[in-house]
Amino acid sequence: MSNERSSFDGEFSEYFAARAHALRNTAHLLCGDWHRAEDITQLAMLRLYVAWPRLARRDALDAYARRVVVRTFLAENRRSRWRREQLTDAPPDTAATARGDSAERLLLLRALAGVPPKQRAVLVLRYWNDLSVEEVAAALRCSTGTVKSQAARALATLRQRLGPHYAELSTISDGGDPRVR
């Protein structure tokens, strides 16, 4: 048992070292806060570690890990609805912006934070992680039609939240051609 445990400990450590950063980025896009993203990633990795000996398909680990991150985010979001904030006279901590964060990126991240959690999960998996509709449906355990409708609603909400900045961002991302959307 000891050799078996050390064998999968080594495998898991390698996987963690290789994929933790990408999973943390996904969690950050989901929740919009680096500290919370770190917590979500740690919880997801803990759940992955516990399940590691039972995972037979090592080729599907990335998809499974993303699913665990998204489900952890959604579960934490449901729990946080019942928590009450404690009011204080001190202002809240604000996150320092990372090097390379442009005004457009920050605007987009703020708008993304206003999209409902499940729709945000669809956007992040579909467009940030570049998964197909079928892969997103498998990760969220829903139908492809649900993924498509949630993506459409999420994009509409994102456009609405961006308001007049949407046209400005779309011309920046498409090389300046305002006709490309």
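Reader: Which residues does T41 touch, if I don't count residues up to four places away in sequence?
Author: Leaving out residues up to four places away in sequence, T41 touches A20, L23, R24 and A27, where a contact means heavy atoms within 4.5 Å. Please keep in mind that this is a predicted model, in which local features need pLDDT of at least 70 and side-chain atom pairs count only at pLDDT 80 or more, while totals for chains, interfaces and linings use all residues. Residues are numbered from 1 along each chain as its sequence is written, and side-chain values use heavy atoms, with hydrogens and water left out.

Reader: Where is the place of T41, and is T41 buried or exposed?
Author: T41 sits in helix α2, and its relative accessible area of 1% makes it buried. Buried means under 20% relative accessible area, exposed means over 50%, and partly exposed lies in between, using a 1.4 Å probe and protein chains only.

Reader: OK, zooming out, how many helices and strands are there?
Author: The protein has 8 helices and 0 strands, so along the sequence the pattern reads α-α-α-α-α-α-α-α; these elements are DSSP runs numbered from the N terminus, with helices being H or I of at least four residues and strands being E of at least two. Of the 181 residues in the protein, 33% are buried.

Reader: What about the largest nonpolar core, which residues have the most contacts inside it?
Author: That core has 42 residues, and L48 and W52 have the most contacts inside it. A nonpolar core here is a set of buried Ala, Val, Leu, Ile, Met, Phe, Trp, Tyr and Cys residues joined through side-chain atoms within 4.5 Å. Two or more residues come from each of α1 (2-31), α2 (34-51), α3 (61-82), α4 (103-113), α5 (117-128), α6 and α7, and α1 gives the most, with 9 residues.

Reader: And what does W52 touch?
Author: Not counting residues up to four places away in sequence, W52 touches F8, E11, F12, Y15, R58 and L61.

Reader: Switching topic, how do α6 and α7 pack?
Author: Helix α6 (residues 133-140) and helix α7 (residues 144-162) pack at an angle of about 100°, with their axes 8 Å apart. That makes α6 roughly perpendicular to α7. The axes are lines fitted to C-alpha atoms, for helices over the stretch in contact, and angles run from 0 to 180 degrees between N-to-C directions; under 35 degrees counts as roughly parallel, over 145 as roughly antiparallel, 65 to 115 as roughly perpendicular, and the rest as oblique.

Reader: Then what about α5 and α6?
Author: Their axes come within 9 Å and cross at roughly 135°, which makes α5 oblique to α6. The contact is made by A121, V122, L125 and R126 of α5 together with V133, V136, A139 and L140 of α6.

Reader: Where is D130, and what is its phi near?
Author: D130 lies in the loop between α5 and α6, and its phi is near 55°, a positive value in a residue other than glycine. Most residues other than glycine have a negative phi. At 62% relative accessibility, D130 counts as exposed.

Reader: Which loop holds R141, and is it buried or exposed?
Author: R141 is found in the loop between α6 and α7, its phi is also positive and near 55°, and at 58% relative accessibility R141 counts as exposed.
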